[in-house]
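Subject: Structure handover

Hi,

Here is the structure I said I'd pass on.

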Amino acid sequence: MIKVTAVQPGSIAEELGLRTGTELLTVNGRELEDFLDWEFLTADEEFSLAVRQPDGAEIEFEIDRPLDEPLGVTVEPPRIRRCANRCDFCFVDGLPEGLRDVLYIRDDDYRLSFQYGNFATLTNLKPWDVNRIVEYRLSPLYVSVHATDPVVRRWLLRNPMAPDVLEQLRYFAGYGLQFHTQIVMSPEVNDGPVLTRSLTDLYALGDPVLSVSIVPVGLTEFSKHSRVREPTLQECRRATEEVERWQDRAGRDRGAPWVFGADELYLRADLPLPPAELYGDFEQVENGVGSVRFLQGRILADAAHFREWEGQRVGVVTGTSMGRLMPEVLELLTEASGARFDLIPVENSLFGPRVTTAGLLPGASIRAALEGRDELDLVLLPGESVNDDGLFIDSMSAESLAASVPTPIRFSKDFNDALSLGAAA
Ligand code: SF4
């Protein structure tokens, strides 16, 4: 059973009398478990739908609608699948105490992997899930491989029951499914020869493996430092060399680079980022792969809209890692707009200075960094630093931050979203 959380005005659902709180029970007699069932089982023109209304009345509808007319219901989000692993580098273990409960949930959910591109390890699949992945053709899936050697992978995941990921990928590939994969690189565990073997095995799977990203392990002050460490500059350089070897090979064989280092890998290796052309469609940009080049591309594409900002002074808040790459981006923005952009790299006061990503900046750190900055016309804040409810990771609300700093603020993921709203008054 799935609950309706909203009904679109004028939609088929409204005509049928569905409303917030209606329980969607079955489609063609099949019980509904989550949004996947709802989306896939109602994809036909004709089907029967059984519902229970908030007053308890059970009704069965025979639906017959044109395929291009949506039913117009929003259903409740799925109950998140919990992770069966205990990785030493798990971000959840690196959280300080006292944050929102939801932040301590270790999710590992193939449905969110398909829907949103969240990475999943596939270690918690029941036979029923496997069948559903095949039946609904959930492709591409985003899979955390880490290592293809089952022993190393079980050690990394701290899960002696973790199935052989190569066998899983092979099985799904047999049904035509494809994957974007990632390897979180933990030094002396899955780098060096283990990394070479993982890439060899994934490459041998052929076209089903669309891409591989190599992401250096990232820790906070609260992580299990006795068990895991971050890679050194030299270790990151060796990984980029491995990446380049495979990119050359894949470029010759397949006409695409296939494997990518995360921006963070190049930063830690103290190497320049590869050019934008390397990243193709930027398929792993949400995983920090090619983020800077992507941003630069967006700025160039939207440059014509920025002219109205000429003469304005705009602060750009970011984490300390992007702080090192951002000047390249801001240079482009200055040229396109004639505005002056002041970079404001903010150190993370909640997790400690080693957590450098903008998305994890607490409101309190940003507020401290903006104190007295009344010379600015506007401050842009990282769009990914607040959740859908407008809360920073330390639960400070965007409104409360806005009320306590001397300059207007706007959230932005790619500059265009904020700058196209018009210049600050
Ligand atoms: S797979 Fe590992 S890193 Fe991911 S949530 Fe589970 S324990 Fe954490």
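Helix H10 (residues 291-302) and helix H11 (residues 320-337) have axes that come within 10 Å and cross at roughly 15°. That makes H10 roughly parallel to H11 (angles under 35 degrees count as roughly parallel, over 145 as roughly antiparallel, 65 to 115 as roughly perpendicular and the rest as oblique). The axes are lines fitted to C-alpha atoms, for helices over the stretch in contact, with angles running from 0 to 180 degrees between N-to-C directions. Helices (H or I, at least four residues) and strands (E, at least two) are DSSP runs, numbered from the N terminus.

On the H10 side the contact (heavy atoms within 4.5 Å) uses Val292, Arg293, Leu295, Gln296, Ile299 and Leu300, and H11 brings Met322, Leu325, Glu328, Val329, Leu332 and Leu333. By class, the contact of H10 with H11 has nine nonpolar, one polar and two charged residues. For those classes, Ala, Val, Leu, Ile, Met, Phe, Trp, Tyr, Cys and Pro are nonpolar, Asp, Glu, Lys and Arg are charged, and the others, Gly among them, are polar.

Before you go further, a word on the model: it is predicted, so local features need pLDDT of at least 70 and side-chain atom pairs count only at pLDDT 80 or more, while totals for chains, interfaces and linings use all residues. Residues are numbered from 1 along each chain as its sequence is written, and side-chain values use heavy atoms, with hydrogens and water left out.

Next, another helix pair. The axes of H7 (residues 192-204) and H8 (residues 233-254) come within 11 Å and cross at roughly 20°. That makes H7 roughly parallel to H8, and H7 passes H8 in a right-handed crossing. Leu195, Thr196, Leu199, Thr200 and Tyr203 in H7 meet a set of H8 residues that includes Ala239, Trp246 and Arg249. The residues of this contact of H7 with H8 divide into six nonpolar, two polar and four charged.

Now the strands. Five of the five residues of E2 (residues 23-27) are buried, so E2 is largely enclosed by the rest of the structure (buried means under 20% relative accessible area, exposed over 50%, partly exposed in between, with a 1.4 Å probe and protein chains only). Two strands pair if DSSP finds at least two bridges between them. E2 runs antiparallel to E1 (residues 2-7), joined by two bridges, with Lys3 partnered by Glu23. Four bridges pair E2 with E4 (residues 46-52), also in the antiparallel sense, and there Thr26 stands opposite Ala50. E3 (residues 30-31) pairs antiparallel with E2 over two bridges, where Thr26 has Glu31 as its bridge partner. Two residues lie between the strands in that hairpin of E2 and E3, and Asn28 takes a positive phi near 50°.

There is also an open sheet of four strands, in the order E7-E8-E9-E10, with parallel pairing. Its edge strands, each pairing on one side only, are E7 (141-144) and E10 (259-261).

Finally, Val184 is found in E8 (residues 179-185). At 11% relative accessibility, Val184 counts as buried.

Cheers

Definitions and conventions: A crossing is left-handed if the near helix is turned anticlockwise from the far one by less than a right angle, and right-handed if clockwise.
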